[in-house]
Amino acid sequence: MSWGTELWDQFDNLEKHTQWGIDILEKYIKFVKERTEIELSYAKQLRNLSKKYQPKKNSKEEEEYKYTSCKAFISTLNEMNDYAGQHEVISENMTSHIIGDLARYIQELKQERKSNFHDGRKAQQHIETCWKQLESSKRRFERDCKEADRAQQYFEKMDADINVTKADVEKARQQAQIRHQMAEDSKADYSSILQKFNHEQHEYYHTHIPNIFQKIQEMEERRIVKIGESMKTYAEVDRQVIPIIGKCLDGIVKAAESIDQKNDSQLVIEAYKSGFEPPGDIEFEDYTQPMKRTVSDNSLSNSRGEGKPELKFGGKSKGKLWPFIKKNKGATPEDFSNLPPEQRRKKLQQKVDELNKEIQKEMDQRDAITKMKDVYLKNPQMGDPASLDHKLAEVSQTIEKLRLETQKFEAWLAEVEGRLPARSEQARRQSGLYDSQNPPTVNNCAQDRESPDGSYTEEQSQESEVKVLATDFDDEFDDEEPLPAIGTCKALYTFEGQNEGTISVVEGETLYVIEEDKGDGWTRIRRNEDEEGYVPTSYVEVYLDKNAKGAKTYI
């Protein structure tokens, strides 16, 4: 099956067919190119979609993503981003392995096709030239034969006419001989050209054209194989990313399986728990006994029975009417005292963490400036060391301000968590006793004005309550016996106890431990009978007496 033998006379149709094959190849390249554009567009849309639903930084929305379901959603968005990346890989591989390869091949194919058909046309032109030579010699032979025949007839006519002179007859005879010789020469030339043409024609139809058409056939078959290989590559490019896409989908499934509804429920409790106790029963007000009506008729919360505590340290009181009291929408105090205890603790802890990060940032900047100053000292040509003193002083002042600010919030946090003596375990135990007794009638309406978030609907603040309670607690606290020492400790660092309830220590100093760390980061120590207080546990090395009462045993 060869085009050279079967299609020897279909030169023009083969030329059209091979051009059609190139058009098909270009159409396939265009198809793959549009596919890559679709993949890129799809990947871009997926990335934009993932970005659109990502939580905004430093926003309330970001805080909501602490729930496992939201974390799973974030994981899904991240996996979709990776999923989009695989579609970009498809586009890149198709562009390089198919479009680029076929674009180079099609240029080579066009050049090869042009060369083959150029050779075919040259062969055609040659055989056509030979044919024209043959036709020309044939016509000349035919013409010379006719001329010789006419000359012969003229000679015979002159020879038969008795009136013609002998010279005229001889002249006609010579002319006839010349024409006959010309005819013989034309015959010989025609025979030679005919033999040459037959040879050239045989070569053309049995050698040249078959060879050229065979090359064209092979070229076309290579084109067909090439487009088939490209289609395989097209499928293989998709197949290569399937495992990674599968991992992305597995990641989404894993994220979905990590959702813990119980954990989310616990996070809701931590996020909104106020720390208050539910309101108690409202006591019956007996209006049939006017003498017992000692409070305003329109006061709902002040009409509780006698002997019930109006105030309770820490903001807890039985019988509060949280659902019926409006919340204060004024400005938020710096110490978040308008919030319930648990929420206030979280806010204060968050503020302390933020301040510590700022301190660390400023300290890093100070270290960098110090290193730069050292470089300037060693290499004065690089800069003036004195020029950095002002900046170094500014950073140091900033660090000091931040530390003071941190200590202020840590003091508030310690008070909320019961770290300081004002809220020590003994004071809390006394507060429980205090709740069971009748407190003095001071600010007896303040607690009832307090809402579930710890704010008041009137201008009366909590400070007067705390002062009254603290005074009573201090009276009882002063009378209690000093706690026995349960061990000793050595100060690892110097600590300046600037807040109430803390005690200053010097590095290397040895003191007595009277109350170990309850998990809040503070240890209660004593220097002598008159000096005791709290220090950060990380600032001291504790040596507990195993025989002391209350000491923990470590294995």
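Predicted model: local features only at pLDDT ≥ 70, side-chain atom pairs only at ≥ 80, totals over all residues.
I take helices (H or I, at least four residues) and strands (E, at least two) as DSSP runs, numbered from the N terminus. Residues are numbered from 1 along each chain as its sequence is written, and side-chain values use heavy atoms, without hydrogens and water.

**Helix α8.** I looked up Phe409 and Trp412, which both lie in helix α8 (residues 389-417), 3 residues apart, about one turn of the helix. Rings of Phe, Tyr and Trp (its six-membered ring) pair if their centres lie within 6.5 Å, and I call planes under 30 degrees apart stacked, over 60 edge-to-face and the rest tilted; the count by this rule is 13 aromatic pairs. Tyr204 and Tyr205 form an edge-to-face pair, because their ring centres are 4.7 Å apart and their planes stand at 85°. Phe409 and Trp412 are edge-to-face too, since their centres lie 5.2 Å apart with the planes at 90°. I also noted one aromatic cluster formed by Tyr493, Phe495, Trp522 and Tyr539.

**Burial.** I use buried for under 20% relative accessible area, exposed for over 50% and partly exposed for values in between (1.4 Å probe, protein chains only). Phe409 is buried at 2% and Tyr204 is buried at 6%, whereas Tyr205 is partly exposed at 31%.

**Sheet.** I then traced an open sheet of 5 strands with antiparallel pairing, in the order β4-β3-β2-β1-β5, where two strands pair if DSSP finds at least two bridges between them. The edge strands, each pairing on one side only, are β4 (532-536) and β5 (540-544).
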